[in-house]
Amino acid sequence: MTAADAAFGAPAPRGLAGSPIGLLVRLVRRPEGAFGALILAVFAVLAIAPELFVGPLQTAVTAPGTRLSPPSPEFPFGTDELRRDMLNLTVHGARVSMAIGLLATLVTVFIGAVVGIVAGFLGGRVDAILMRITDFFLVIPTFVLALILTPIIRDLVGSGSAQVLGIRMTLIVIVIVIGITSWSSTARIIRSQTLSLKERAFVDRARVIGAGGGHIMRRHILPNVINLIVANAVLVFAGAVLTETTLSFVGLGDPFQPSWGQLLEAARTVGAPGLGAWWYFVPPGVGIVLVVFAFTLVGGALDDLLNPKRRGRR
Amino acid sequence: MSGSYLARRLSSALFTIALIVVVNFILFRAMPGSPERVILRGTPNVTPAQLEAARERWGLNDPIFPISFEEAGVVVSADNQFFKFVGATVAGDLGYSFVARGQTVGDVLAQRIWPTVILFGLGELVAIVLGLALGAYTGWRRGGGVDLVGNGVSLVLYSTPYFLLGMALLLVFATGLRWFPTFGMLTAGVTYPDLGARLVDFLAHLALPLTTVSLGLVGQYAIVMRSSIVETLSDDYVTTARGMGLSEGRILRHHALPNALLPTVSLIAINLGYVVAGAITVEVVFNWPGLGTLAVEALTARDYPVLQGVFLLLSVSVVLANLVADLIYGLLDPRVRT
Amino acid sequence: MTTGAPAGSATSAGPATNSPGTAGERRPRTLPKQAVPGAPLLEVDDLRTYFALGSDTVRAVDGVSFRLDAGEALGIAGESGCGKTTTALSLVRLLPGNARIVGGAVRLYGIDLAAKSDTAIRRYRWREISIVFQGAMNALNPVTRVRDQVAEPIVERLGVGRRAANRRAGDLLELVGIPRARGSAYPHELSGGMRQRAMIAMALACDPAIVIGDEPTTALDVMVQAQILDLLERLRERLGLSLILITHDLSVIAETCDRVLIMYAGRVAEEGPVGEVFTRPRHPYTQKLLAAFPNIRADRRALDVIPGSPPDLRTPPPGCRFAPRCPAAMAVCSEVVPPDVRFADRVRVACHLYPEGSSGEPVPVAATP
């Protein structure tokens with residue numbers, strides 16, 4: 001260890017190479033990473049099996065309480081205007097919000113990674129065209145686009161009660177719309193990484209032995225951007241949860257499968273803030289803030305881990 | 001500033017706007033049952049003859065794109081829906097609202113644009129001033145108590161959807177403390193003795209939504225500015241400036257800030273698209289009669305032409321705002337001007 | 001007005017001290033108020049600078065002493081990580097946040113800078129000692145014009161008005177070989193060599209007594225390197241500057257410096273007049289260092305590499321730090337820190353081969369049986 005190392009921190013232990021598991025391990029060693037991961041773990045458990053904790057989702061028919069009553073020992077989060085237990089709704093809402101977030105993230109990251117790797121690797125006109133499209137989606141207010149797209153696609157698809165992974169089609173449409181509108185920042189990041197990887201020797205080696213473009217992209221580029229994709233996916237998840245919440249808030253949610261955003265929309269429609277019924281919107285609200293906050297913490301910690309320039313500097 | 005930088009940015013903006021119009025056209029065609037509804041404006045009892053006449057008038061029997069593949073072969077026609085749509089859009093004719101009888105989309109937009117401009121514009125202004133100041137301070141004095149608290153608060157604000165903030169503020173300050181009214185831009189049904197009274201009522205209604213928008217943005221801007229400043233701290237010219245024995249204040253103002261502003265301006269510009277989402281929801285929470293509530297009303301009523309009009313207006317505004325930000329960036333950073 | 005002079009301290013107050021005058025003239029130097037009469041220009045005495053890295057302490061500079069007289073050029077040489085840059089930064093106290101001077105003194109005209117507070121030391125920066133950084137090309141603010149950057153210390157530290165400061169900045173740019181008109185350019189519009197010259201002009205702005213050059217030519221090509229070194233030499237003659245040149249490139253030191261200090265692992269191995277040290281290196285490390293330089297005239301042979309690598313300064317070896325790699329290492333070398341020994345030809349060595357009172361020939365100590 002020399003003076004230069006001391007001033008700038010020891011060399012990063014292969015920040016970008018190395019397995020995603022190793023990355024996760026290093027993540028929880030940092031306090032903010034551990035804290036964020038803990039919060040997410042709690043919500044993940046609630047989201048996977050909400051019935052274990054609060055029973056099945058209550059409906060207007062099975063509602064046990066009285067209308068809009070404040071928190072009490074029987075109903076710790078109070079009740080809504082349909083006399084349902086807010087605790088029940090909030091925990092089930094966790095499932096819907098997280099599930100939609102997860103699915104939307106998968107779609108977004110998939111599209112973004114494909115576009116990014118193809119654009120970065122192929123370069124030239126393909127890159128130029130793809131980047132034009134990407135920049136377009138980066139500039140425009142994609143939320144308004146999502147606002148228009150969702151009812152259009154819903155009207156086209158029809159509102160049956162089909163379900164994918166337990167999520168109703170109306171909400172799957174939201175997943176698709178979020179995916180269509182959010183992939184561009186992922187694409188940009190992955191493209192940059194691909195560009196720098198392209199310059200490295202192992203790509204030339206693969207070319208020399210006659211490997212085709214698709215093969216190189218899959219076997220050589222992809223494994224080296226995986227960690228970056230994972231880190232980016234975390235932040236995309238946070239964004240997806242926020243977007244779904246906002247879309248639900250303006251009325252595109254599903255009252256039969258309420259996410260946190262949908263609960264907030266119901267609260268607004270009933271006029272909860274004006275009535276002083278804080279228990280209607282605080283629990284789902286706190287849930288959203290906690291989850292997004294946790295994702296941001298984890299995402300930030302991952303970014304620090306993968307970005308060698310930030311390490312050890314004053 | 002070099003002409004070519006300006007020209008490049010301008011042409012890029014124009015290209016994006018062109019793409020927006022194209023997307024709008026595609027949406028127009030994709031709307032369920034759209035073109036007919038646009039024509040008929042909900043008129044009942046339409047005869048097939050009226051329908052056909054309207055179709056002719058609207059050019060719906062024309063090919064959609066300039067180049068189309070008919071049975072007779074490839075047909076190139078200037079008389080097509082796409083061109084007509086583009087022409088109409090550029091001329092400001094955005095069609096008729098499905099819901100507001102007799103009003104064009106343009107009329108409807110014009111009625112609702114100023115409240116949004118005021119709310120959003122002032123909110124951005126306040127947020128930029130406060131956010132950049134807070135970010136610069138916490139970035140410079142890294143690690144202090146203020147830094148950790150400021151950072152934490154910024155992160156939490158960043159994770160909170162604007163409308164949630166709005167609802168909370170509404171609950172506390174309007175319902176609870178009764179300091180402010182709970183919705184709208186002006187109290188309904190009231191006649192004002194003079195302009196001053198009207199202004200006061202307006203400001204009272206503006207206070208909470210404005211605070212919400214500003215708070216939502218301040219967190220973001222503070223975080224971005226803070227990390228920019230932290231980056232410049234490790235730049236060599238800052239070390240040189242210290243080596244010169246300059247005061248910390250001078251170094252911050254003349255060396256760190258001008259350089260830290262560069263990525264900050266870029267990021268603020270990039271974020272504009274996302275901020276629009278928040279602004280819409282804040283209007284909804286407070287029933288502020290701007291473009292946001294218009295969009296949601298149009299959504300609920302399936303008033304697609306108005307929705308599209310809002311999309312067009314907001315998108316073009318964001319593109320233009322980005323252009324302005326690019327120009328500001330060009331003023332700040334001499335390296336891009338060459 | 002001098003920025004950074006705390007109220008109540010007996011530092012010089014007005015712009016009278018080191019006033020600019022015309023650039024490029026050798027003038028009798030006015031000493032700072034606290035200067036001890038008759039003291040040497042710079043005396044570094046057993047300087048120790050340590051870094052805190054996690055729970056470890058890196059002993060980057062561990063007992064370095066040397067002296068610089070007015071008008072001298074001292075070169076500090078050694079491989080990467082030996083502590084030369086840290087030593088230079090310690091002189092002006094521009095250390096990174098996790099570094100601290102833990103011992104020793106840095107006496108400028110007898111004033112111990114190491115003991116000064118962070119605000120008090122500002123008074124001496126740039127006006128007495130200035131520094132031209134490693135990779136100085138990036139040490140210029142990219143959004144400010146070059147002339148304004150050179151003028152800044154003149155305005156801020158010497159209290160000169162903007163007009164006069166700009167004029168003097170122009171003079172300084174001319175002095176280093178940049179046409180005055182180019183002063184309105186931004187750094188990215190200048191070539192690497194010109195940016196380095198601009199940095200030198202900046203370093204001269206407040207007419208310092210000492211200029212430290214930290215690898216001033218490393219990132220430049222050979223032709224430009226030669227020009228810069230030539231410039232430094234001319235400036236030294238013309239302005240009576242004292243120079244400390246930090247570099248790993250011995251040829252630069254051979255060309256420009258009067259004396260050379262060879263550092264290894266945070267300590268001084270050998271020090272003395274360039275002629276003596278380079279022709280008759282005494283310390284085994286110096287010998288190896290000189291031998292490692294490829295000689296264009298010699299027969300082709302394998303590069304004489306020093307085996308092993310420098311020690312981990314978190315846990316430096318006891319005794320002489322070069323012992324693990326030294327071909328002449330003896331038992332005592334890994335136990336006792338070798339003392340400094342001075343010779344008649346003004347060379348100083350820290351090596352057990354040269355005990356106190358030796359003649360200058362290595363005296364191997366018999367290995368204990």
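Me: Helices here are DSSP runs of H or I with at least four residues, and strands are runs of E with at least two, numbered from the N terminus. With that in hand, in what order do the elements of chain B run from the N terminus on?
Reply: Keep in mind that this is a predicted model. Chain B has twelve helices and two strands. Read from the N terminus on, the order in chain B is α-α-α-β-β-α-α-α-α-α-α-α-α-α.

Me: What percentage of the residues in chain B are buried?
Reply: A residue counts as buried if 20 or more other C-beta atoms lie within 10 Å of its own. Chain B has 338 residues, and the buried ones make up 38%.

Me: And for contacts in chain B with a separation of 6 or more, what share comes from residues 24 or more positions apart?
Reply: Contact here means C-beta atoms within 7 Å. Among the contacts in chain B with a separation of 6 or more, the share from residues 24 or more positions apart is 69%.

Me: Let's zoom in on one residue: is B:Phe183 buried, partly exposed or exposed?
Reply: B:Phe183 sits in the loop between α7 and α8 (195-233) of chain B. A residue needs 20 or more other C-beta atoms within 10 Å to be buried, and 12 or fewer to be exposed. B:Phe183 has 19 within 10 Å, so it comes out as partly exposed.

Me: How far apart are the C-alpha atoms of B:Phe183 and B:Asn287?
Reply: Leaving out residues up to four places away in sequence, B:Phe183 touches B:Phe286 and B:Asn287. B:Phe183 and B:Asn287 are 104 residues apart along the chain, yet their C-alpha atoms are separated by 5.2 Å.

Me: On to the interfaces: which helix gives the most to the side of chain B that touches chain A?
Reply: In this interface, 43 residues of chain B are in contact with 36 residues of chain A. Several helices of chain B each supply at least two residues to that side, including α1 (3-30), α6 (145-159) and α7 (162-176). By class, the side has 30 nonpolar, twelve polar and one charged residues. The biggest giver, with nine residues, is α12(B).

Me: Which helix gives the largest share of the side of chain B that touches chain C?
Reply: Here 18 residues of chain B are in contact with 22 residues of chain C. The elements giving two or more residues to this side are α9 (236-243) and α10 (248-286) of chain B. By class, the side has six nonpolar, seven polar and five charged residues. The largest share, six residues, comes from α9(B).

Me: Over in chain A, where does the kink in α10(A) lie?
Reply: Chain A comes to 13 helices and two strands. Its helix α10 (residues 213-252) has 40 residues, but the end C-alpha atoms are only 42 Å apart, short of the 58 Å that a straight helix would reach at 1.5 Å a residue. The kink in α10(A) is about 50°, shortly before the proline A:Pro223, and lies at A:Leu222.

Me: What is the strand order of the open sheet in chain C?
Reply: The sheet has eight strands with mixed pairing. Its edge strands, each pairing on one side only, are β6 (129-132) and β11 (340-342) of chain C. The twist averages 20° from one strand to the next. The order in chain C is β6-β7-β8-β3-β9-β10-β12-β11.

Me: Which helix packs on the sheet touching β6 and β7 of chain C?
Reply: Four bridges join β6(C) to the parallel strand β7 (residues 210-214) of chain C. In this pair, C:Ile129 stands opposite C:Ile210 in β7(C). The helix touching β6 and β7 of chain C makes about 170° with the direction of β6(C), and it is α5 (residues 192-203) of chain C.

Me: Why is strand β10 of chain C largely enclosed by the rest of the structure, and how many of its residues are buried?
Reply: β10(C) pairs in the antiparallel sense with strand β9 (residues 259-264) of chain C over six bridges. It also pairs in the antiparallel sense with strand β12 (residues 348-350) of chain C, over two bridges. β10 (residues 267-273) of chain C counts as largely enclosed because, of its seven residues, the number buried is six.

Me: Which residue takes a positive phi in the hairpin of β9(C) and β10(C)?
Reply: In this strand pair, the bridge partner of C:Arg259 is C:Pro273 in β10(C). The hairpin has two residues between the strands, and the one with a positive phi near 50° is C:Ala265.

Definitions and conventions: Residues numbered from 1 in each chain as written. Chains lettered and ligands numbered in written order. Predicted model: local features only at pLDDT ≥ 70, side-chain atom pairs only at ≥ 80, totals over all residues. Contact = placed C-beta atoms within 7 Å. Nonpolar A, V, L, I, M, F, W, Y, C, P; charged D, E, K, R; others polar. Expected span 1.5 Å × (residues − 1). Bend = angle between axes of the 7 residues up to and from the residue. Pairing = 2+ DSSP bridges. Axes fitted to C-alpha atoms, helices over the stretch in contact; angles between N-to-C directions.
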